[in-house]
Amino acid sequence: WDPRRPLLAGDLREVVRTLGGANTVLLWAALLLKKRVAVFNDDLSGLLAFVRVLPCLVWHRQNWAILRPYVTMDPVDLEDLAEAGVYCAGFIDRTCRSAADSLYDVLVDISEKSVTISELVKGEFLVGPFHKNLANILDAEVAATHADHQPLIKVVAFETRRLLDHVAGLRVPHGDGTYVTRADLETRNLPAGMPRFLFACAQAEGWTSAVKV
């Protein structure tokens, strides 16, 4: 049994249509940076259809284990999330929306068609030229008359790989290994906000040193 089959039965285009390109890029970034993502919707069936396709935004990971398609605010469920550390969890309980910091880094509210970033991680989500370009690409792909969402998955995977190849190229030799540091990134002529975002990307991929920088 291939666990990807039920996920591919969804449609990533509906995520972009619901949120718009700009908000979908924020969600993509949250998954790329391995943040805690909570997804709220009033309707359970709509929630499940939305959540199950989200790993397609980070296709290179092939990781379906991050999904918790339906979670309650019961202590047992919340303990499972705390132990997981990184997740994409779906809720129909409205109280989840007021649990910033303790429950999520990023909240997707399907009902409101909004994405909210926790204050704790906002610095990693400053929108730059790369994000804006990707948002335009997503909007254009959704507007195209493709038969299914495979072309959208492929273009997101391509742009993600292009970004990660760039981040990998930013690793420099140090006495204890070759990796990315914030200090090195700050010396480069990067757009505002990009050093922190790129460092967060490097952290998520395991390309930073083990010590604080």
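Me: Why is Leu44 called partly exposed?
Reply: In this predicted model, Leu44 has a relative accessibility of 34%. Buried means under 20% and exposed means over 50%. The value 34% falls in between, so Leu44 counts as partly exposed. Leu44 lies in helix H4, residues 44-51.

Me: What makes Leu44 part of a surface patch?
Reply: Leu44, Leu48, Tyr70 and Ile92 form a nonpolar patch on the surface. Patch residues need over 30% relative accessible area, and Leu44 has 34%.

Me: Why is Thr24 called buried?
Reply: Thr24 has 0% relative accessibility. The limit for buried is under 20%, so Thr24 counts as buried. Thr24 sits in helix H3, residues 21-32.

Me: Which residues does Thr24 contact, beyond its neighbours within four places in sequence?
Reply: Val15, Val16, Leu19, Leu57 and Leu138. Each has heavy atoms within 4.5 Å of Thr24.

Me: What does the side chain of Thr24 reach?
Reply: The backbone oxygen of Gly20, at 2.7 Å. The cut-off for a polar contact is 3.5 Å, and 2.7 Å is within it.

Me: Why does His131 count as buried?
Reply: Its relative accessibility is 3%. That is under 20%, so the word buried applies to His131. His131 is found in helix H6. Leaving aside neighbours within four places in sequence, His131 is in contact with Val25, Leu126, Met194 and Phe197.

Me: Is His146 buried, partly exposed or exposed, and why?
Reply: His146 has a relative accessible area of 31%. This lies between the 20% and 50% limits, so His146 is partly exposed. His146 is found in the loop between helix H6 (129-143) and helix H7 (150-168).

Me: What makes the pair His146 and Glu141 a polar contact?
Reply: The two side chains come to 3.1 Å. The limit is 3.5 Å, so the pair qualifies. His146 also touches Arg13 and Pro151, not counting residues up to four places away in sequence.

Me: How far is His146 from Glu112?
Reply: They are 34 residues apart in sequence. In space they are 27 Å apart, C-alpha to C-alpha.

Me: What is the strand order of the sheet?
Reply: The order is E2-E3-E1-E4-E5. The sheet is open, has 5 strands and shows mixed pairing.

Me: What makes E2 and E5 edge strands?
Reply: Strand E2 (67-68) and strand E5 (114-117) each pair on one side only.

Me: How do you know that E4 and E5 pair?
Reply: Two strands pair if there are at least two bridges between them. Strand E4 (residues 106-109) and E5 share 4 bridges, so they pair. The sense is antiparallel. Val108 stands opposite Val115 in E5.

Me: Why is Lys113 called exposed?
Reply: Lys113 has a relative accessible area of 53%. Exposed means over 50%, so the label holds for Lys113. Lys113 lies in the loop between E4 and E5. Its phi is near 55°, a positive value in a residue other than glycine.

Me: Which label does Gln62 get, and why?
Reply: Gln62 has a relative accessible area of 33%. That is between 20% and 50%, so Gln62 is partly exposed. Gln62 lies in the loop between H4 and E2. Gln62 has a positive phi of about 50° although it is not a glycine.

Terms used. Residues are numbered from 1 along each chain as its sequence is written. This is a predicted model: local features need pLDDT of at least 70, side-chain atom pairs count only at pLDDT 80 or more; totals for chains, interfaces and linings use all residues. Side-chain values use heavy atoms; hydrogens and water are left out. Helices (H or I, at least four residues) and strands (E, at least two) are DSSP runs, numbered from the N terminus. Buried means under 20% relative accessible area, exposed over 50%, partly exposed in between (1.4 Å probe, protein chains only). A polar contact is a pair of N or O atoms within 3.5 Å; within protein, one must be able to donate a hydrogen and the other to accept it, and residues adjacent in sequence count only if both atoms are side-chain atoms. Patches are made of residues with over 30% relative accessible area and no salt bridge: like charges are joined within 9 Å, nonpolar side chains (Val, Leu, Ile, Met, Phe, Trp, Tyr) within 5 Å. Accessible areas come from the Shrake-Rupley method with a 1.4 Å probe; for residues, only the protein chains shown count as cover. A salt bridge is a side-chain nitrogen of Lys or Arg within 4 Å of a carboxyl oxygen of Asp or Glu.
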